[in-house]
Amino acid sequence: MNDQPYDVVVVGGGNAALCAALSARERGASVLVLERAPEDKRGGNSAFTGGGFRIVHHGADDIRKIVPDLTDEEIARTDFGQYTAEDYLDDLGRITQYYVDPDLAETIVRNSTDTVHWMRERGVKFMPNYGRQAYNVNGRFKFFGGVVIYANGGGRGLIDLLYKAADKHGITVRCRTQARHLVCGSNGVDGVRVVGNGVEDVIRARAVVLASGGFEANREMRTRYLGPGWDMAKVRGTRYNTGDGIQMALDIGAQSYGQWSGCHSVAWERYAPDFGDVEHPHAGYRHSYPFGIMVNADGRRFVDEGADFRNYTYARYGRVVLQQPGSFAWQIFDQQAKPLLRDEYKLRGATKVTANTLEELADRMQDVHGRNFLETVRQFNAAVRRDVPFDPNVRDGRCTVGLEVNKSNWANPIEVAPFEAYSVGCGITFTFGGLKIDTRTHVLDMEDAAIPGLYAAGELVGGLYYFNYPGSTGLMAGSVFGRIAGREAAAHAAR
Ligand SMILES: Cc1cc2nc3c(=O)[nH]c(=O)nc-3n(C[C@H](O)[C@H](O)[C@H](O)COP(=O)(O)OP(=O)(O)OC[C@H]3O[C@@H](n4cnc5c(N)ncnc54)[C@H](O)[C@@H]3O)c2cc1C
């Protein structure tokens, strides 16, 4: 038992946790961060990310304030567009079928740009996301899908800089320490029971911030809440997010909130390892499907690959793949699409077949019904509106007509050899269900009353995403609520 209480204990060691820790510290609180992972694996899912942040901006001038070393030449050859608060709110509403908690959505949107500036002042560097969020058409980059900036060095760069800032500001970090239970006293939550190196301890605190992620790495919880078959999904990120923070809060009467049967999941390398590899976090990505077709074991298309920019579809297509016979699919591309394939398609470890004819390709995709596949491609090619020009930077409306499952944009016939096919399964990113918080990040009980001394931020917050997720909102939401949680927890501790 440690008798000297910290003002604020933060459970978790990812982006949301570190933003909470920095924010509490700058308000004078003594802060302890508890990270379950060993030091070389610290940083949670945040370390696996591409580092994309979805922010409100009004074009080049706003981006230059965040990326001051952007050159005139880069600005001249880039159309950053703009992404207003209304666009952001519309996307959060539209993508979640309008189930998103409006107060939480508004809090993210209104604080997004300011929070990125706050992170910049604490040492995080941002860059424009050329390549992943903008295609070069006729010498000019045009950003699509609302995401312009990413943290320099991706998720690993972000986490390294946040830990550096934590160190500089005198925040104590204890790795290999798993929080197991919240401790409550007469003033609410006043400590955490932990296990580190096999030894139990109670750490006393005046306020606790939970930022320990969702339950995506817990097979049993996945199957219990997401449903049968989810035990087979591959985890794209960290193995340490097993729902502990959520469970600890539920145990003391916190309210569950959001879509517990929902998660972010993507088409992912079929034979990927069970958990992500932080040294190669993007190796399993198969996100270029808008420029090809996907077929299942029956040789049939089953989804509109071009329904929208991949930022707005990728997070729900993992579930669709999981639901196919055998829980796998193949993505098919011809030489016209090949230049648009993301780098991950070229990495070792991709389950890939190539062939000079479609018949040969059908033979090589061993688990696929060959005759049906050839018929699918024939029908698809015949249905493409070739009169509509192809443009990867806009929803180009180059669609198919008359198919049972039409493709709405970027429909190019599969006709120029050699052909390539990549096999995908389902990779789970994070879960949508979690705790109910208010806009000041108090964790709420079943009567919507704040549990004194308890705050939450990041992936374990429920009510933000339902059915789908607008890409690069996760880090932004974690930063916004982490910063608020740190401030509120420090204020509570001071009282
Ligand atoms: C491959 C991949 C790419 C992604 N790309 C992006 C992107 O570009 N942009 C974006 O916005 N989002 C992206 N995401 C989603 C993003 O990772 C999450 O939304 C975000 O990182 C969540 O941050 P967090 O701090 O809540 O959780 P995490 O970063 O996962 O942190 C949770 C922390 O809690 C710790 N922990 C767990 N249990 C305990 C316990 N009992 N005791 C102590 N510590 C514990 C974990 O070790 C970890 O450090 C991506 C996710 C993945 C997997």
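Modeller: Here are a few questions on a helix, some rings and a sheet, with the terms explained as we go.

Modeller: This is a predicted model, where local features need pLDDT of at least 70 and side-chain atom pairs pLDDT 80 or more, while totals for chains, interfaces and linings use all residues. Residues are numbered from 1 along each chain as its sequence is written, and side-chain values use heavy atoms, with hydrogens and water left out.

Biologist: Where does α5 bend?

Modeller: At Ser-112, by about 55°. That is the angle between axes fitted to the seven residues ending there and the seven starting there. Ser-112 is also among the buried residues of α5, along with Trp-118 and Met-119. Just after the helix, Gly-123 has a positive phi of about 110°.

Biologist: Why is the pair Tyr-465 and Tyr-469 called edge-to-face?

Modeller: Rings of Phe, Tyr and Trp (its six-membered ring) pair if their centres lie within 6.5 Å; planes under 30 degrees apart are stacked, over 60 edge-to-face, and the rest tilted. The structure has 23 aromatic pairs. In this one the centres are 4.9 Å apart and the planes stand at 80°, so it is edge-to-face.

Biologist: And what makes Tyr-465 and Tyr-469 buried?

Modeller: Buried means under 20% relative accessible area, exposed over 50%, and partly exposed in between, using a 1.4 Å probe and protein chains only. Tyr-465 has 7%, so it is buried; Tyr-469 has 5%, so it is buried too.

Biologist: What sits over the ring of Phe-328?

Modeller: The charged end of Arg-270, 3.9 Å from the ring centre. The rule asks for NZ of Lys or CZ of Arg within 6 Å of the centre and within 35 degrees of the ring normal. Arg-286 lies over the face of Tyr-345, at 5.7 Å.

Biologist: Why does β5 have a side without a neighbour in the sheet?

Modeller: Strands pair if DSSP finds at least two bridges between them. β5 and β8 (149–151) have three, in the antiparallel sense. The open sheet runs β3-β8-β5. β3 (52–53) and β5 (126–128) are at its edges with a single partner strand each, so one side of each lacks a neighbour in the sheet.

Conventions
Helix = DSSP H or I, 4+ residues; strand = E, 2+ residues; numbered from the N terminus.
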